[in-house]
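Please walk through the model below, following a few residues and their surroundings.

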Amino acid sequence: MPSLTYSSPFPADFVFGVAAAAPQIEGAAFADGKGESIWDRFSREPGKVHGGDTLDVACDHYHRFDEDFALMASLGVKHYRLSLAWPRIYPNGDGEPNPAGIAFYRRLFASMKRHGITPWVTLFHWDLPQALEDRGGWTSRVTVDAFARYADTVVQAFAGDVK
């Protein structure tokens, strides 16, 4: 039988992977000190989300990430683009970081490593802490400064786990 060859239009160093965002999958909307995000508030407004669904449980990735990564690995997934929930790291957007939020992401990255999955991190996927939105959102310098502190905290906390 003749062998078939496939010429990929992608460069040899192109990285294939999968992606999700914290608000879409994590759930545990207020667990372990996580603050309210603009999506937590929005999803509770009557008529805004079909069926009145909220982010409270979502896919329950917060509690099931290890089995989620085992499933991904069984499918051959090697790269995963995920976002970090800013209000899980800084419940009010600024102030003091939440140690439980940082610990969650450390556990998550450790599980990814055990399953041979490389993390690709997005710092912000539209889940602004509601406390910052209430203070003017992205039109306020407070939010810009808070994002800089959040980004610095994340880089310092996870530099050993994420390239």
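**Exposure and surroundings of selected residues**

Ala-100 has a relative accessible area of 28%, so Ala-100 is partly exposed; buried means under 20% relative accessible area, exposed over 50%, and partly exposed in between, with a 1.4 Å probe and protein chains only. This is a predicted model, in which local features need pLDDT of at least 70 and side-chain atom pairs count only at pLDDT 80 or more, while totals for chains, interfaces and linings use all residues. Residues are numbered from 1 along each chain as its sequence is written, and side-chain values use heavy atoms, with hydrogens and water left out.

Ala-100 lies in helix 5, residues 99-114 (helices are DSSP runs of H or I with at least four residues, strands are runs of E with at least two, and both are numbered from the N terminus). Arg-88 is twelve residues from Ala-100 along the chain, and their C-alpha atoms are 8.2 Å apart.

Ile-38 belongs to helix 2, residues 38-43. Ile-38 counts as partly exposed because its relative accessibility is 24%. Beyond its neighbours within four places in sequence, Ile-38 contacts Trp-126, Leu-128, Gln-130 and Glu-133, where contact means heavy atoms within 4.5 Å. Between Ile-38 and Arg-114, 76 residues apart along the chain, the C-alpha separation is 33 Å.

Phe-16 sits in the segment before strand 1 (18-19). With 52% relative accessibility, Phe-16 counts as exposed. Together, Phe-10, Phe-14 and Phe-16 make a nonpolar surface patch of about 310 Å². Patches are made of residues with over 30% relative accessible area and no salt bridge, joining like charges within 9 Å and nonpolar side chains (Val, Leu, Ile, Met, Phe, Trp, Tyr) within 5 Å. A salt bridge is a side-chain nitrogen of Lys or Arg within 4 Å of a carboxyl oxygen of Asp or Glu. Accessible areas come from the Shrake-Rupley method with a 1.4 Å probe, and for residues only the protein chains shown count as cover.
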